[in-house]
Amino acid sequence: MTLPAWLAAIKFNDDGLIPAIAQDHKSGRILMMAWMNAEALQLTAQTQTAVYFSRSRAKLWHKGESSGHTQTVHDIRLDCDADVIVLNVTQAGGIACHTGRESCFYQRLDLSGQTPEWETVDKVLKDPADIYHSDATSAPHQDNEADAVGTVANNESQTESASILQQLDNVLAERKQADADSSYVASLYAKGLNKILEKVGEESTESIIAAKDFASCDENIDKTQYDEARHELIYEVADVWFHTLVGLAWFDIESDAVLNELGRRFGLSGIEEKASR
């Protein structure tokens, strides 16, 4: 396919992608970073709303398609090397990050102490569970925001991961007081521990099936099938994790207890750990 001249001038990477930085039209604040392919950028220019490309799902996603936090694009800039895009946008709802914050760049490196440390400097403006009209575990999956979290780095920091678990702990605790008809988690609590454990077993079985399906895929033969199976495995394992957290919350045990136990095992071989039980 022959690209129009303005798209052909862009230096997409080997995967056909270019990083796109969204910046608030009025304040100039950096809101998020995501990826675009040629089709996403062309749609963004045509519709004047932000459309990105999800690497994890290998498909286009319209910013705010589930959260409602769309981005109206006022201006599109290309840097001097023609390999980075900046979008000047109006952010609907004032929230760009799937964590419920204004910006995905809400961690600042504190250099005041002897050892630099990341600190969270932006507050959560809205609970992700309320944004996505469901329990918090569904947010990244529904809106494909995972590609845009944090910085240009590919992996979320340990601080971000811990923050997500803490948010889940808080939501699960709150759901104990919620009406069973208004929340999936509240309905599980109402049905009792056996129902929660049944769901853990059910989701574990589904993750095993997803793993077997993924193992049978060949990326070189059918890339689409491979990517879909990979995503399905990740999604099912997330369900297992989530329902085990519900089970822990039933006993008023937070995720920190599990993280601390995992931390204890560092430097200890599996054989030694089993022998110490």
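User: In this predicted model, why are helix α7 and helix α8 called roughly antiparallel?

Analyst: It comes down to the angle. The axes of α7 (residues 193-215) and α8 (residues 223-250) cross at roughly 160°. Angles over 145 degrees count as roughly antiparallel, so that's the label α7 and α8 get. Their axes also come within 8 Å, and the crossing is left-handed.

User: What makes up the contact of α7 with α8, by residue class?

Analyst: You'll find 13 nonpolar residues there, along with five polar and seven charged ones.

User: Why is S207 called buried?

Analyst: S207 has a relative accessible area of 13%, and buried means under 20%, so S207 qualifies as buried. S207 sits in helix α7. Leaving out neighbours within four places in sequence, its contacts are L233, E236, V237 and V240.

User: How many of the residues in the whole chain are buried, as a percentage?

Analyst: Buried residues account for 36% of the 277 in the protein chain. The chain has ten helices and eight strands. Of its contacts with a separation of 6 or more, 55% join residues 24 or more positions apart.

User: What is the pLDDT like along the chain, and which stretch stays under 50?

Analyst: The chain averages 84, and 84% of the residues score at least 70. Residues 134-159 are the stretch where pLDDT stays under 50. The model does have 69 contacts beyond four places in sequence for residues 134-159.

Methods. Residues numbered from 1 in each chain as written. Predicted model: local features only at pLDDT ≥ 70, side-chain atom pairs only at ≥ 80, totals over all residues. Heavy atoms only, no water. Axes fitted to C-alpha atoms, helices over the stretch in contact; angles between N-to-C directions. Helix = DSSP H or I, 4+ residues; strand = E, 2+ residues; numbered from the N terminus. Parallel < 35°, antiparallel > 145°, perpendicular 65-115°, else oblique. Left-handed = near helix turned anticlockwise from the far one by under 90°. Nonpolar A, V, L, I, M, F, W, Y, C, P; charged D, E, K, R; others polar. pLDDT = per-residue confidence, 0-100. Contact = heavy atoms within 4.5 Å. Buried < 20%, exposed > 50% of the residue type's maximum accessible area, 1.4 Å probe, protein only.
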